[in-house]
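Let's take a walk through this structure together, one piece at a time. Keep the 3D view open as you read.

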Amino acid sequence: MATGVAAWLPFARAAAIGWMPVANCPMPVAPMANSKRKDELIILNVSGHRFQTWRTTLDRYPDTLLGSSEKDFFYNEEIKEYFFDRDPDAFRSILNFYRTGKLHYPRHQCISAYDEELIFFGIIPEIIGDCCYEEYKDRKRENLERLQDDQEENKDMKLPHMNFRETMWRAFENPHTSTMALVFYYVTGFFIAISVLTNVVETVPCGSTANQKDMPCGERYTVAFFCMDTACVMIFTVEYLLRLFAAPSRYRFMRSVMSIIDVVAILPYYIGLVMSNNEDVSGAFVTLRVFRVFRIFKFSRHSQGLRILGYTLKSCASELGFLLFSLTMAIIIFATVMFYAEKGSSSSKFTSIPASFWYTIVTMTTLGYGDMVPKTIAGKIFGSICSLSGVLVIALPVPVIVSNFSRIYHQNQRSDKRRAQKKARLARIRISKSGSANAFLHSKRNGLLNELLELTDTEEDEQKLTKSTSLLESQHHHLLNCLEKTTAHAFVDEQMYEQNCLETALQTYPSRSPSLSSHDSSVGTCCSRRGKRNTPLPSSHPVPTHQGPLQELSAIHIQCCDRPSHTASRSNLNRKTDESGRLNSKGSRITTAIISLPSPPALTPDADSLRRPPQRRPPLTLGHPAAPSIQTTTSSAGTNIVKVSSL
Amino acid sequence: SEHTGRLHSHSPSWDFSSITDEDELSAVRYRPERLDHLEQKTNFSKKELQVLYRGFKNECPSGVVNEETFKSIYSQFFPHGDSSMYAHFLFEAFDTRNNGSVSFEDFVVSLSIILRGSITDKLNWAFNLYDLNKDGCITREEMTDIMHSIYDMMGKYTYPCIGDNAPMEHVDNFFQKMDKNNDGVVTIEEFLETCQRDESIMQSMHMFDSVI
C-alpha cells in the first residue's frame with residue numbers, strides 16, 4: 001500500500017461502516033494493535049546534526065532503511081539515538097521525503113554523492129518528484145557520458161597483443177599512436193589538398209597561346225593534370241583498400257559515411273577511364289567530374305571540428321527539417337501571392353508561380369539580387385512582408401542548431417582536456433598506491449624482523465617496531481601475508497620484476513647445484529638474475545654456497561610447495577639477507593631485505609607488491625638450504641620458484 | 001496542491017488560458033478549532049486528535065479536503081477496483097455542511113461517531129450514508145447505487161466471478177431483510193430495528209473498537 005496516506009488508514013477502516021449493514025455475514029475480527037505503540041519521537045543523529053521525527057513518519061515507507069528494522073543496526077544504546085555517519089545535507093532531502101512523500105534532488109549536490117546516499121538509505125531514484133526528475137536525469141546522463149568517455153580512453157591505452165590487422169586499424173583510427181600512422185595521416189592529407197587544388201586550378205584560364213583564346217589550364221596541360229589526378233586516385237584507392245582490409249567489421253566499414261565519401265571520391269576517375277572513348281556520354285562524364293570535389297570531405301578525418309559540425313547537423317535533423325518545412329510553406333505562399341499580384345503588370349518577370357519561387361527565396365533570405373523586382377504597388381507591399389517574415393522564419397531554428405553545436409563542441413573540448421590531465425592524475429595516483437605497497441614491504445621486513453627478534457627474546461626491540469605500524473596496517477599486512485601463503489607466491493615490486501624480465505630475456509640460466517638437476521634448464525628470471533647477481537660475489541655460484549651462509553637473492557623467490565615452505569623460506573631468508581645487504585648498498589627501491597638468522601624457520605615469505613599476478617616460472621629448485629633434509633625435499637618436490645612482480 | 005479548498009472543481013489539463021493570476025489568490029487556508037474544543041466535541045483524546053490532525057494536514061496542507069483529494073486518498077487503499085463512487089458517497093456523508101469540502105472538524109466529528117459513538121449513532125451514520133438524497137428513507141435506486149459502488153471496489157479479479165446480477169440480488173436481499181412493511185423504502189426506524197436485532201451486524205460493530 002502506498003506511502004503518505006498511511007495516516008488515513010483509520011478513516012478508511014471507519015468508512016467500512018457502510019458495508020456492515022448490507023453484509024450478510026459478520027465482519028472478521030480486527031487485528032489488535034499490539035503493544036499500543038505510541039507515536040514517539042525518534043532522534044536521527046547524522047554526523048552530529050540531530051534530526052527528529054515521529055516514528056510513524058518513518059514507518060510510512062517500510063521498504064527503506066529508515067522505515068524498516070534495518071535502522072536498529074544503527075541504534076546507539078548509550079545516547080539513545082540512531083547514529084548515521086553520513087552527509088547531513090543529503091540526509092535532509094531524504095528525511096523530507098518521509099515527511100512530504102516527495103523526493104527532491106538538490107541542485108547543488110553532486111549527482112554521484114546523492115545517488116550513493118539514496119542507495120544507502122534504500123530509496124529508489126525513480127520516485128524523485130516531477131519537479132526535480134528531469135534535472136536529476138540530465139545530470140546523471142552527463143555523468144555517464146563522461147565516464148564512458150574515460151572508459152573509451154582506457155580502451156585505447158591497453159594494448160594486449162594485437163595482430164597485424166588490428167594494429168593497422170588502430171593506426172588508421174588514431175594517428176598519434178605510431179610514427180608510421182602519423183606519416184600516413186599527413187601524406188593522405190597532403191594528397192587530398194593537392195587533389196582539390198588541382199581540380200580548382202584546372203578551370204582557371206591559363207593565358208592564351210598564339211592561335212587560341214584563353215583556355216583553362218586543364219585543357220592546356222591535359223597530360224600533366226591527368227597524371228596528377230591518377231597519382232591522387234592511386235593513393236586514395238590504396239588507402240581505401242588498406243582500410244577495408246584492416247577494418248574489424250568490413251560490412252560496417254563499408255556502410256560508414258567516411259568510406260562512402262572515399263568511394264565517391266575515387267569512382268569518377270575509374271568511370272571516366274572506362275567511358276572516355278564515348279563522345280555522347282561526355283556530358284555525363286563532365287557531371288562525374290563534379291563528384292571529384294567530394295574529396296574535400298575526406299578532410300573530415302583530419303579535422304575534429306568538421307566531424308563535430310557533421311554530428312551537430314545530424315543531431316539537429318529535426319530542427320533542420322522544421323526549418324526546411326516552414327521555409328517551403330512560406331515560399332509557396334508568397335510566390336503565389338506575388339504571381340497574382342504581378343500578373344497585371346506588363347513585362348513582368350513573374351511569369352509563373354515556380355518562376356516566383358526564385359524571387360521569394362532571394363527575398364526571404366534577404367539576398368535581394370534585384371533580377372526580379374515587383375512593379376505593382378500590391379507586389380511591393382507583399383514583397384516587403386515577404387522579406388520581413390523571411391528573417392523571422394530563418395532566425396527561429398538557428399539558435400537551436402547553434403546551441404547544439406556549442407554543447408557538443410564544449411563536450412569535446414572537455415574530453416580533450418581531461419585526457420591531457422589524466423596522465424598527470426594517473427601518475428600521482430600510482431605514486432600514492434606504490435607508497436602503500438612499499439609500506440607493506442617495509443612492514444614485512446620489520447615484521448619478519450619482529451618475529452626473529454621475538455624468537456631471540458629481545459622484547460624491547462619488538463615493541464618498538466610494532467608501535468611503528470598502526471593496527472589497521474598490521475592487520476592489512478597480515479591479510480596480504482595470508483594471501484601469499486595461500487598461493488605460495490610472494491609479492492615483489494616493479495623494479496625487481498622488470499629487472500627479472502630483462503634478465504630472462506638476456507640470460508639463460510646457468511646450471512646450478514646438483515640438487516637442481518633436472519629442472520634447471522628453462523628457468524625464468526629468478527635464476528638468471530640470481531646468476532647475474534651472484535657473479536660479483538665471491539660465492540657467486542649458488543651451488544657451493546648453500547650451506548647456511550646467506551645467499552644473495554636478487555629477486556624474490558618463493559618455493560611453491562606446501563610442505564617445505566618453511567624450510568624454503570628459511571633458505572629464502574638466507575638469500576634475502578644477502579640481497580638486502582646488496583640492495584641497500586645499491587640504494588634500490590626494493591624492500592626485499594630481510595635480515596635472517598640461521599636458526600628459526602620463519603614462515604613469512606617475502607614479497608613486495610600488491611598487485612601483479614604471479615608469473616610462473618618453470619620448475620626450478622633454488623633451495624640450497626644448509627640442512628640436507630631441506631635439500632632433498634626441495635629437489636624431490638620439484639618446487640617451482642615463482643616470482644611475482646609488483647605494481 | 002494549491003487547489004485544495006477551492007470550492008469548484010478544476011480541470012487538470014494544461015490549459016494555458018485557465019491559469020490566471022487570480023487562481024493563486026483564491027486558495028483557501030483553513031484552520032481548525034482549538035484542540036480542547038474538539039476534544040469536547042468528540043470522543044477522542046488529545047493525543048489521538050493530534051495524530052489524526054497531523055495525518056490530515058500532511059495530505060491536505062491547506063486544511064480542507066475536496067472531493068478529488070478524498071477520492072484519491074481512498075483509492076490508494078483499494079488498488080484493485082474503482083472506489084471513486086463509494087468515495088463520493090462517503091464524501092457526501094462527511095460533508096455535513098454541504099459546501100463541497102470537508103474540514104478537519106467534519107472529518108473528526110464523523111470519525112468520532114463511527115469509531116467511538118454508541119451503536120445507535122453508528123447506525124444513524126450508516127443510514128445517513130445510504131440515504132443519498134437525505135430525505136429520511138432509502139429507496140431501491142439509492143441502495144442499488146450504493147451496492148454497485150461497493151462491488152466496483154472489488155474490481156474484476158474475484159473469486160467467484162461477480163455476476164452482473166450480484167449487486168441486484170444483494171439489494172433484494174437487503175430490502176427483504178430491512179423493509180418490514182414492504183413499501184419499497186427503508187426508513188430509519190426499520191433500519192435501526194432490523195440492525196439491532198441482527199446479531200452479525202452487532203458483532204461487526206465491534207470492529208471499530210481498535211481502529212485508533
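In chain B, 59% of the contacts with a separation of 6 or more are between residues 24 or more positions apart. Keep in mind that we're looking at a predicted model. Chain B is built from eleven helices and four strands, and 44% of its 212 residues are buried.

Now over to chain A, where 24 helices and six strands turn up. Here 39% of the 647 residues count as buried. For contacts with a separation of 6 or more, residues 24 or more positions apart supply 67% in chain A.

Let's start with the sheet. Four strands of chain A form an open sheet in the order β2-β1-β4-β3, and the pairing is mixed. At the edges sit β2 and β3 (75–76) of chain A, each of which pairs on one side only. As background, strands of a sheet pair through backbone hydrogen bonds, in either a parallel or an antiparallel way.

Go through the pairs one by one. Strand β1 (residues 41–46) of chain A runs antiparallel to strand β2 (residues 49–54) of chain A, with six bridges between them.

β4(A) then pairs with β3(A) in the antiparallel sense, over two bridges.

Next, a glutamate in a helix. A:Glu117 belongs to helix α4 (residues 111–120) of chain A. Is A:Glu117 buried or exposed? Its relative accessibility is 8%, so A:Glu117 counts as buried, since the cut-off for that is under 20%. Leaving aside residues up to four places away in sequence, A:Glu117 touches A:Arg86, A:Asp87, A:Ala90 and A:Ile94.

Several residues of α7(A) are buried, including A:Ala181, A:Thr188, A:Gly189, A:Ile192 and A:Val196. What covers the buried residues of α7(A)? The cover includes α6 (164–173) and α9 (222–246) of chain A.

Finally, a pair of packed helices. Such a pair is described by the angle between the axes and the distance between them. For helix α14 (residues 317–342) of chain A and helix α16 (residues 377–395) of chain A, the axes come within 9 Å and cross at roughly 175°. Angles over 145 degrees count as roughly antiparallel, and α14(A) and α16(A) are therefore roughly antiparallel to each other. The residues of their contact split into twelve nonpolar, four polar and one charged. On the α14(A) side they include A:Leu323, A:Phe334 and A:Met338, and these sit in a contact that includes A:Phe382, A:Ile385 and A:Val393 on the α16(A) side.

Note on methods
Residues numbered from 1 in each chain as written. Chains lettered and ligands numbered in written order. Predicted model: local features only at pLDDT ≥ 70, side-chain atom pairs only at ≥ 80, totals over all residues. Heavy atoms only, no water. Pairing = 2+ DSSP bridges. Buried < 20%, exposed > 50% of the residue type's maximum accessible area, 1.4 Å probe, protein only. Contact = heavy atoms within 4.5 Å. Axes fitted to C-alpha atoms, helices over the stretch in contact; angles between N-to-C directions. Parallel < 35°, antiparallel > 145°, perpendicular 65-115°, else oblique. Nonpolar A, V, L, I, M, F, W, Y, C, P; charged D, E, K, R; others polar.
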